[in-house]
Amino acid sequence: MAVQAAEGESRLMRSGIVVSGMTFLSRILGLARDVVLAYFFGASANADAFFLAFKIPNFFRRMFAEGAFSQAFVPVLAEAKRSGREAVQDLIHYVAGALGCVLFGITILGVLGSAYLVMLFGFGYVIQEDDAQLQLAGHLLKFTFPYLALISLTAFAGSILNAFGKFAVPAFTPVILNVCLIAGAFLGQEYFDLPVEGLALSVLVAGLLQLGFQLPSLARLGLVPIPKLNIRHPRVKQVFVLMLPALFGASVSQLNLLIDTMLATFLVKGSISWLYYADRLLELPLALIGIALATVILPSLSADAAEGDMAAFSSKLDWGLRWVAILGVPASVALLVLSEALITTIFYRGAMTALDVSMAALALQAYAAGLLGHMCVKILAPGFFARQDMKSPVEIGIVALVSNMVLNAVLIVWLGHIGLALATSASAFINAFLLWRKLRINGVYRPLKGWPKLALQIAIATGVMLLGIEFMVPA
């Protein structure tokens, strides 16, 4: 049993390294992308309009495609694999048909209703009667919203590949978006009267390329989706029934970030951009550690749940949490102490001002305080989804979301955009703690021995890291 557990953890580690390596490449290009955006657009009104127009489909993408859909689809696919290849193919074809119809309808409504969506998510502009900003964001949203459908289908394809142990291609796919946005920023200056339109159009092009990039890998597995409509298929119904509560339970952090953006429209110009640049740096360690681990652990947990091996299930959760602690604590501390240095080094050029650097750095410090909480949620939530328990994360998510809203209302008065980031961090820890507590109460997760020793080792290592930063980073 111990040998099997060690082999399982070794496979997870190898897969995690592959995903983390590809994610690192994507995030480095993402930073390059944001350097280019900061250079050309800074924290201007045009930048705010684009970030709002991009955040709306990105929010739905993370909530729907990479959140609820993946969390519901992967466990059902794990069950189908136990029934044979024909069952897997039927599930993929029928889910592709149902998903395609839903996404087509949502895309049409989103494009036609872009002006209303912008009014909803940028409510502060409505209150301030900033018609020019609303019109610009609505115009850009017509280009960016179809990205939701394309990237959702890409996430569907990636979920299939992940379930069959093919992690590299889905992990590399985000690189394409970053390359397209960099190209769009440069080409927008050259060929568009309004350069920010080049950015918006590049989002749409990226979605097409990302979907196409997945297809050859699916073809090699013989699993290219052929859309067939059969919503009465039992496993298709199972996916969508599980997905409905997961839409909320898997996406609390995204809802919190979106609420931050909505409230930031009430603040001074540049607030959305300050939060955006800070969030981009937060996303680097979150993706390299939390999301990479969550990506490889969900299929494995789903397989353990399908086989009824709850000892292995608990052991893998413990493994994930240990690696989150080992890597997440130093990463969080490093972001806290290096926030201004990082923002200055990466973004302070072109249209980016000294005030923008200072405000973005303060937001980054507030976000960094909650990094460990966000990472823990990424590991703990699959502990429910893999067992097809969608109710518990929803109940816990509601508590976390309400906590975020209350803290937002209190902190925004004194701290402005910094208060919004702090509220998000606090709600992440609330979410993580409640998920952990529920798994412990239900006996699903039983911590293995050695946590006190590990905590001491992490504290010592983090202290050494801080001493190194003190000597190496100029004051």
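This is a predicted model: local features need pLDDT of at least 70, side-chain atom pairs count only at pLDDT 80 or more; totals for chains, interfaces and linings use all residues.
Colleague: Let's start with the rings: how are the planes of Tyr39 and Phe40 arranged in their aromatic pair?

Modeller: A search of the whole structure turns up 10 aromatic pairs. Tyr39 and Phe40 form one, with 5.2 Å centre to centre and 80 degrees between the planes. Planes over 60 degrees apart get their own label, so this pair is edge-to-face.

Colleague: And are Tyr39 and Phe40 buried, partly exposed or exposed?

Modeller: Tyr39 has 43% relative accessibility, and Phe40 has a relative accessible area of 25%. Buried would need under 20% and exposed over 50%. So Tyr39 counts as partly exposed, and Phe40 is also partly exposed.

Colleague: How far is the charged end of Lys81 from the centre of the ring of Phe164?

Modeller: The charged end has to be within 6 Å of the ring centre to count as sitting over the ring. Lys81 sits over the ring of Phe164 in that way, and the distance from its centre is 4.6 Å.

Colleague: How many disulfides does the structure hold?

Modeller: A disulfide is a covalent bond between the sulfur atoms of two cysteines. There are cysteines here: Cys101 is partly exposed at 47% relative accessibility, whereas Cys180 is buried at 11%. A pair of cysteine sulfur atoms would have to lie within 2.5 Å, and the disulfide count for this structure is zero.

Colleague: On to charges: which helices does the Lys316 and Asp304 pair link?

Modeller: The structure holds three salt bridges. In one of them Lys316 meets Asp304, with the closest N and O atoms 2.8 Å apart. This pair links distant parts of the chain, 12 residues apart, and connects helix 14 (residues 310-347) with helix 13 (residues 271-307).

Colleague: What about Asp318 and Arg322, which helix do they lie in?

Modeller: Asp318 forms a salt bridge with Arg322, the closest N and O atoms being 2.5 Å apart. Asp318 is buried, and so is Arg322. They are four residues apart, about one turn of the helix, and both lie in helix 14.

Colleague: Now the surface: which helix gives the most to the nonpolar patch?

Modeller: The patch covers about 750 Å² and is made by Ile398, Val402, Val406, Val410, Val413, Trp414, Leu415 and Leu422. Val402, one of these residues, has a relative accessible area of 45% and is partly exposed. Val402 has its place in helix 18. With seven residues, the top contributor is helix 18 (residues 391-415).

Colleague: How far apart are the C-alpha atoms of Val357 and Ala341?

Modeller: Val357 is found in helix 15 (residues 354-368). At 4% relative accessibility, Val357 counts as buried. Val357 and Ala341 are 16 residues apart along the chain, and their C-alpha atoms are separated by 9.3 Å.

Colleague: Last one: what separates the C-alpha atoms of Phe167 and Thr295?

Modeller: Phe167 lies in the loop between helix 7 (147-163) and helix 8 (168-172). Phe167 has a relative accessible area of 9%, so this loop residue is buried. Along the chain Phe167 and Thr295 are 128 residues apart, while the separation of their C-alpha atoms is 8.4 Å.

Methods: Residues are numbered from 1 along each chain as its sequence is written. Side-chain values use heavy atoms; hydrogens and water are left out. Rings of Phe, Tyr and Trp (its six-membered ring) pair if their centres lie within 6.5 Å; planes under 30 degrees apart count as stacked, over 60 as edge-to-face and the rest as tilted. Buried means under 20% relative accessible area, exposed over 50%, partly exposed in between (1.4 Å probe, protein chains only). A charge sits over a ring if NZ of Lys or CZ of Arg is within 6 Å of the ring centre and within 35 degrees of the ring normal. Patches are made of residues with over 30% relative accessible area and no salt bridge: like charges are joined within 9 Å, nonpolar side chains (Val, Leu, Ile, Met, Phe, Trp, Tyr) within 5 Å. Accessible areas come from the Shrake-Rupley method with a 1.4 Å probe; for residues, only the protein chains shown count as cover. A salt bridge is a side-chain nitrogen of Lys or Arg within 4 Å of a carboxyl oxygen of Asp or Glu. Helices (H or I, at least four residues) and strands (E, at least two) are DSSP runs, numbered from the N terminus.
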